[in-house]
Amino acid sequence: MEASEQPAASAGPTPATRAPLATELQAAAQTLERVRAGRSLPPSMDEAAQRWRLEGVSRAALYDISCTAVRRLGTAGALAGRLNSRQPSPALAALQLVALSELLAPGRRHEAVVVDQAVEAARLTAGTRAGAGFLNATLRRFLRERPVLMAAIAHDQEARWNHPRWWIDRLRNEHPGRWEAILAAGNVPPPLTLRVNLRRATVEDCLRELEAAGHPGRRIGPQAIRLDRPCDVSRLPGFAQGRLSVQDLAAQMAAPLLDLQPGQRVLDACAAPGGKSAHVLELADAELLALDSDAGRLQRVHENLARLGLSAQVACGDARRTADWWDGRRFDRILLDAPCSASGIVRRHPEIRWLRRRRDLATLSAVQSEMLAALWPLLEPGGKLLYATCSVFRCEGDEPVERFLAGRTDAERVELRWRWPGDAQDGAVGQLLPAAGEQIDHDGFFYASIRKIP
Ligand SMILES: C[S@@+](CC[C@H](N)C(=O)[O-])C[C@H]1O[C@@H](n2cnc3c(N)ncnc32)[C@H](O)[C@@H]1O
């Protein structure tokens with residue numbers, strides 16, 4: 001980093017002071033530049049926050065501006081293509097995209113302030129300073145010619161839906177009646193859904209405690225509370241004390257769908273950061289092995305279990321190489337929450353859609369099949385394996401399951417059923433499509449239960 005990119009110590013915000021919008025825009029632009037170069041959003045944001053010493057409100061603003069820019073990258077990119085007569089540097093291009101995405105969000109900020117602060121932001125670094133005039137001219141042109149420019153990109157699918165073209169086509173093909181709702185759900189910020197640790201509290205007690213602390217919410221599942229307004233979870237009463245965890249409603253279905261009985265031996269084959277492992281242990285006195293191939297992420301499993309007052313055996317290993325870690329004792333239940341495209345949780349990880357490549361899906365699908373085949377011998381006859389992915393693509397849902405079942409005589413798919421609050425009876429579940437902003441709000445997920453025929 002150039003010395004000129006570092007704000008002077010005296011100019012940096014203290015935790016109590018808010019940085020100028022220009023600084024937040026520049027930090028968001030540096031975040032976006034990294035994402036466009038293939039990095040994921042959280043570390044890119046952390047780096048930018050550190051570089052510009054953004055804390056508290058300004059850090060939250062950086063998060064908001066960066067996520068908004070990623071969620072509107074299709075539209076902003078198409079507009080930039082029309083506005084730019086020459087290709088700006090990656091740093092300047094990112095700043096222009098961030099500013100355009102702010103201008104595209106109706107009522108967020110005064111347009112003149114955004115343009116003024118974006119130009120100020122350009123002056124903050126050596127890499128963008130020379131482009132301040134260019135930025136000023138293109139942003140003002142956008143404001144002047146907005147209707148014409150928006151009409152010109154109206155038929156561009158990426159601009160319309162803010163997802164890559166191949167992703168849109170796949171969804172349209174696989175979910176003809178729901179593809180637009182799925183894409184729209186991916187473009188809105190997610191709610192904050194909590195899971196109550198029933199070993200330490202009841203849902204009703206937690207709702208009361210949260211309401212009293214100014215965080216009202218409502219029950220949307222057996223252990224699930226959705227807060228009316230997202231907030232910093234570490235400050236919620238009950239979080240540090242292990243009464244609450246953050247977990248989307250769709251992910252909260254895994255442990256109940258495992259059909260647990262006391263004393264069972266359970267394998268969570270892809271466990272980190274431990275959300276579903278912890279839920280299993282909150283619901284049943286099980287002997288659980290939490291396995292994951294990522295040692296760094298396994299640290300989070302230890303932390304989460306400790307916070308919630310739960311214990312499990314935690315091991316690092318490849319779920320496909322069972323000889324490396326299996327002690328030879330079979331499991332009554334196996335949860336395979338397999339690595340996947342994460343196409344069902346793009347509202348939480350908005351950059352995923354831009355980072356994922358179409359070819360990744362075949363690789364992931366093959367890994368999912370390998371995991372199913374490798375873990376099957378570890379299941380006790382009569383036992384059940386719950387296969388899960390946070391995906392809305394068939395190649396990570398029904399397809400690997402059907403491939404696995406084909407020609408096997410010792411495996412049968414068991415129907416999974418779930419009762420949603422307000423419904424008179426339960427219904428079959430498998431591919432859950434994201435339901436955003438609805439009464440029952442959840443991510444996209446896939447579940448299939450496979451029983452080993454004794
Ligand atoms: C969807 S995440 C699991 C989320 C977790 N079940 C939870 O609820 O908190 C998938 C996990 O699979 C792990 N993983 C990827 N490849 C693996 C492999 N070959 N063996 C075991 N774990 C693997 C990743 O490190 C990641 O933590």
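Predicted model: local features only at pLDDT ≥ 70, side-chain atom pairs only at ≥ 80, totals over all residues.
How far apart do the axes of helix 1 and helix 3 come, and at roughly what angle do they cross? Residues are numbered from 1 along each chain as its sequence is written.

**Stop 1: helix 1 and helix 3**

Select residues 21-36 for helix 1 and residues 56-71 for helix 3. Helices (H or I, at least four residues) and strands (E, at least two) are DSSP runs, numbered from the N terminus. The two axes come within 9 Å and cross at roughly 45 degrees. Axes here are lines fitted to C-alpha atoms, for helices over the stretch in contact, with angles running from 0 to 180 degrees between N-to-C directions. Helix 1 and helix 3 are therefore oblique to each other; angles under 35 degrees count as roughly parallel, over 145 as roughly antiparallel, 65 to 115 as roughly perpendicular and the rest as oblique. The crossing is right-handed, that is, the near helix is turned clockwise from the far one by less than a right angle.

Now show the contacts (C-beta atoms, placed from the backbone, within 7 Å). On helix 1, pick Glu-24, Leu-25, Ala-27, Ala-28, Thr-31, Leu-32 and Val-35; on helix 3 they meet Ser-58, Ala-61, Leu-62, Ile-65, Ser-66, Ala-69 and Val-70. By class, this contact has 10 nonpolar, three polar and one charged residues. Ala, Val, Leu, Ile, Met, Phe, Trp, Tyr, Cys and Pro count as nonpolar, Asp, Glu, Lys and Arg as charged, and the others, Gly among them, as polar.

**Stop 2**

Look for Leu-21, Ala-22, Leu-25, Gln-26 and Ala-29 against Val-113, Gln-117, Ala-118, Glu-120 and Ala-121.

Ile-65, Thr-68 and Ala-69 of helix 3 meet Leu-97, Val-98, Ser-101 and Glu-102 of helix 5.

**Stop 3**

Next comes an open sheet of four strands in the order 2-3-1-4, with antiparallel pairing. Strands pair if DSSP finds at least two bridges between them. Strand 2 (217-219) and strand 4 (244-246) stand at the edges with a single partner strand each, so one side of each is left without a neighbour in the sheet. Zoom in on strand 2 and strand 3 (residues 224-227), which pair over three bridges; Gly-217 has Leu-227 as its bridge partner in strand 3.

**Stop 4: two backbone details**

Select Asp-259 in the loop between helix 13 (254-257) and strand 5. Its phi is near 60 degrees, a positive value in a residue other than glycine. Then move to Pro-273, in the loop between strand 5 (265-268) and helix 14. A cis peptide bond joins Ala-272 and Pro-273, with omega about 5 degrees.

**Stop 5: the ligand**

Finish at the ligand. Of the 18 residues around the ligand, Cys-270, Gly-275, Asp-294, Ala-319 and Asp-337 come nearest; a residue counts as near if its C-beta atom, placed from the backbone, lies within 6 Å. Helix 14 (275-283) and strand 6 (287-292) each supply at least two residues of this shell. Colour the shell by class and you will find eight nonpolar, three polar and seven charged residues.

Note on methods: Contact = placed C-beta atoms within 7 Å.
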